[in-house]
Protein chains: 2
Amino acid sequence: MKNETISLMLQHQSIRKFKSDPVPPEHLHTIMECAQKASTSSNMQAYSVINVTDPELRSQLAILAGNQIYVEQAPVFLVWCADLHRLQGSVSDQTVKPTAENFLVSSVDAALASQNAALAAESMGLGIVYIGGIRNQLEEVIQLLQLPELVYPVFGMCIGKPDQEPSPHPRMPVESILHENKYSTVHNEELLRQYNETISNYMDQRTQGQRKANWSQMMESKLSQPDRILGETLQKQGFGFR
Amino acid sequence: MKNETISLMLQHQSIRKFKSDPVPPEHLHTIMECAQKASTSSNMQAYSVINVTDPELRSQLAILAGNQIYVEQAPVFLVWCADLHRLQGSVSDQTVKPTAENFLVSSVDAALASQNAALAAESMGLGIVYIGGIRNQLEEVIQLLQLPELVYPVFGMCIGKPDQEPSPHPRMPVESILHENKYSTVHNEELLRQYNETISNYMDQRTQGQRKANWSQMMESKLSQPDRILGETLQKQGFGFR
């Protein structure tokens with residue numbers, strides 16, 4: 001089955017080079033309305049979005065995110081935050097507890113809303129890229145955006161008219177992801193071999209023969225880098241993992 | 001700006017009553033392909049989906065999720081899992097570390113993919129509801145679905161032809177969610193007052209005058225319930241929060 005929405009999703013590519021055309025405020029408003037219609041746990045709506053319009057702030061965030069120039073240059077840059085602060089401020093008799101559950105619910109609320117926003121933007125002919133690098137130096141970003149207790153930035157998102165057409169990034173076969181009734185590892189080895197070959201060919205083509213790394217090699221290299229350490233800063237912000 | 005995708009999102013309602021018509025396997029396949037095209041951190045694709053087709057298993061999960069009968073009755077029930085196990089099995093020289101970052105990345109990967117799946121299903125005329133109740137008794141669900149180390153169920157999702165037309169659930173005004181350059185609480189009180197009124201009217205109408213709780217009251221009642229405690233089970237599964 002094909003329709004406009006499905007075709008849109010299947011065409012998704014992260015965009016890291018944008019034209020300078022601004023995104024009209026009414027389009028951003030629609031993008032946000034779509035974001036808000038995503039499912040949210042018990043209607044808690046436990047997330048906030050910081051629209052970073054100040055050029056100086058953008059430039060600082062671009063550096064903190066690991067010198068990602070598109071964070072500075074994209075027409076729109078949003079920081080998606082898990083937000084239990086609003087919830088805490090809306091009740092008088094109860095407190096939001098520092099549990100893994102509440103950390104998860106607010107992070108997932110932000111993620112579901114953001115994915116609607118991404119698709120709404122793409123349906124308008126805009127391109128997007130998620131910026132996990134906003135967690136590189138979590139504490140500095142929290143200070144820059146003046147995030148209060150019980151709020152933390154989950155990821156950023158650049159939005160604007162695409163100025164590039166990257167080739168589609170192949171995903172694993174559905175069989176690698178979808179299991180029936182129980183978690184199965186039966187065909188893992190064969191599926192991984194196939195996917196490694198697919199990615200190796202894709203990289204070969206994309207880099208005109210400069211790089212042929214397969215998926216396992218890319219993941220090995222990724223895992224060899226030091227992980228972002230968020231726990232302490234998250235706890236300072238009032239989140240917990242009980 | 002309006003288009004098919006935006007209209008679809010704006011119409012979203014959680015569906016908790018389904019017709020018995022099965023979802024054809026090729027439609028589920030398309031739903032999964034759409035899910036996989038969502039952004040994923042560094043192409044890690046750190047999630048798996050368990051399609052629960054066994055009626056006995058369904059009935060057990062429905063009970064564990066807090067006696068949600070639609071978990072048993074929906075034509076399709078998917079359990080969306082954060083999955084670092086596949087990643088760990090695909091590399092030879094590195095280990096996935098028990099950091100909050102890795103817990104977050106895998107949970108967000110599952111969430112982004114699931115939201116694409118939800119919209120793909122809705123674009124086919126199907127309805128969905130997320131099931132957070134799958135975390136009520138996390139350890140039992142992990143055992144039932146035979147989830148290995150580094151895999152945990154983030155939420156469930158029922159999918160099928162809607163057999164109800166619930167009225168739209170109003171969200172907060174965009175101004176409550178969207179901030180510019182820094183987190184702002186300036187208009188919070190007035191926005192909350194408005195939203196409480198909106199929700200109170202909505203509940204009044206929806207329950208034919210039986211219940212007029214506003215949002216703050218609903219959140220207070222929600223927060224007064226004991227939180228799900230996930231931390232210990234998650235750590236047993238190999239996740240961590242450093």
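This is a predicted model: local features need pLDDT of at least 70, side-chain atom pairs count only at pLDDT 80 or more; totals for chains, interfaces and linings use all residues.

The strand in question is β2 of chain B, residues 76–83, and the residue is B:Gln36. How is each of them placed?

Analyst: Strand β2(B) is mostly covered, with eight of its eight residues buried. In a regular strand, side chains alternate between the two faces of the sheet. For β2(B), one side carries B:Val76, B:Leu78, B:Trp80 and B:Ala82, and the other carries B:Phe77, B:Val79, B:Cys81 and B:Asp83. Both faces are covered, as the residues on either side are all buried.

Strand β2(B) also has pairing partners. Strand β1 of chain B, residues 47–51, pairs with β2(B) in the antiparallel sense over five bridges. In β2(B), B:Val79 has B:Ile50 opposite. Strand β4 of chain B, residues 151–160, is likewise antiparallel to β2(B), with eight bridges between them. Here B:Ala82 stands opposite B:Tyr152 of β4(B).

Now the residue. B:Gln36 belongs to helix α2 of chain B, residues 25–36. Its relative accessibility is 4%, so B:Gln36 counts as buried, the cut-off being under 20%. Apart from neighbours within four places in sequence, B:Gln36 is in contact with B:Gln45 and B:Tyr47 in chain B, and with A:Arg171, A:Met172, A:Pro173, A:Val174 and A:Ile177 in chain A. With A:Met172 there is also a polar approach: a polar atom of the B:Gln36 side chain lies 2.8 Å from the backbone oxygen of A:Met172. B:Gly133, 97 residues from B:Gln36 in sequence, is 24 Å from it in space, C-alpha to C-alpha.

Key:
Residues are numbered from 1 along each chain as its sequence is written. Chains are lettered from A and ligands numbered from 1 in the order in which they are written. Side-chain values use heavy atoms; hydrogens and water are left out. Buried means under 20% relative accessible area, exposed over 50%, partly exposed in between (1.4 Å probe, protein chains only). Helices (H or I, at least four residues) and strands (E, at least two) are DSSP runs, numbered from the N terminus. Two strands pair if DSSP finds at least two bridges between them. Contact means heavy atoms within 4.5 Å. A polar contact is a pair of N or O atoms within 3.5 Å; within protein, one must be able to donate a hydrogen and the other to accept it, and residues adjacent in sequence count only if both atoms are side-chain atoms.
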